[in-house]
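Dear colleague,

The findings follow directly after it.

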Amino acid sequence: PRRLILVRARDPTSLLRAALEGARCPALAAVVIGVWGRPKVLDLTATRRLSLAAQISRVSLLVVRAGAEPEPSAAETRWSVQSMPSVALEANAPGRPAFSVRLLRSRSGASPQAYFVEWDRATRSFVERPPLSGGVVPLSADRPAAAAAAAADVAVLRRAG
């Protein structure tokens, strides 16, 4: 905590100004910006400035946008993080916090991927979520949902070939 600098800005413009100063400072390990929604000042030009400053200083820069839809930015990667139900521990105790982390876009050409992780308090790190126990039961052929799914698969094959 003694190495953490916390800045609480009055408005999105002040936040971006502080973030840009932080991104230009090579003494920092990372700059994390948290904004809600879609502030007008966080446009493509602003994200490009932040990205260039971080590249020059080699500071990791994370922009966390809660409650917003994806939009154009100069980010190297775009991720989506969502909470997931935790797996109960013994005696039905609450399990470790679980998350679905999806790589949506990467400028390096990496293909979209999904990761399912849990936060391990003991090691203070994320661990891969174990697979669900038990097998998955297939849909019965005599049920309407299975018939509709099979018809949709056939329709896709007809359009494709």
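Arg78 is part of strand β3, which spans residues 77-84; strands (E, at least two residues) and helices (H or I, at least four) are DSSP runs, numbered from the N terminus. The model is predicted, with pLDDT of at least 70 required for local features and 80 or more for side-chain atom pairs, whereas totals for chains, interfaces and linings use all residues. Residues are numbered from 1 along each chain as its sequence is written, and side-chain values use heavy atoms, without hydrogens and water.

Arg78 is buried but has no salt bridge, and Glu71, the nearest side chain of opposite charge, is 7.6 Å away. Here buried means under 20% relative accessible area, exposed over 50% and partly exposed in between (1.4 Å probe, protein chains only); a salt bridge places a side-chain nitrogen of Lys or Arg within 4 Å of a carboxyl oxygen of Asp or Glu. Lys and Arg count as positive, Asp and Glu as negative, while His and the chain ends are not counted. A polar atom of the Arg78 side chain does, however, lie 2.5 Å from the backbone oxygen of Glu71.

**The chain as a whole**

The protein chain contains 3 helices and 6 strands, in the order α-β-α-β-β-β-β-β-α from the N terminus. Of its 161 residues, 22% count as buried.

**Val32**

Val32 belongs to strand β1 (residues 30-36). Val32 counts as exposed because its relative accessibility is 56%.

Key
Polar contact = N/O pair within 3.5 Å; in protein donor to acceptor, adjacent residues only side chain to side chain.
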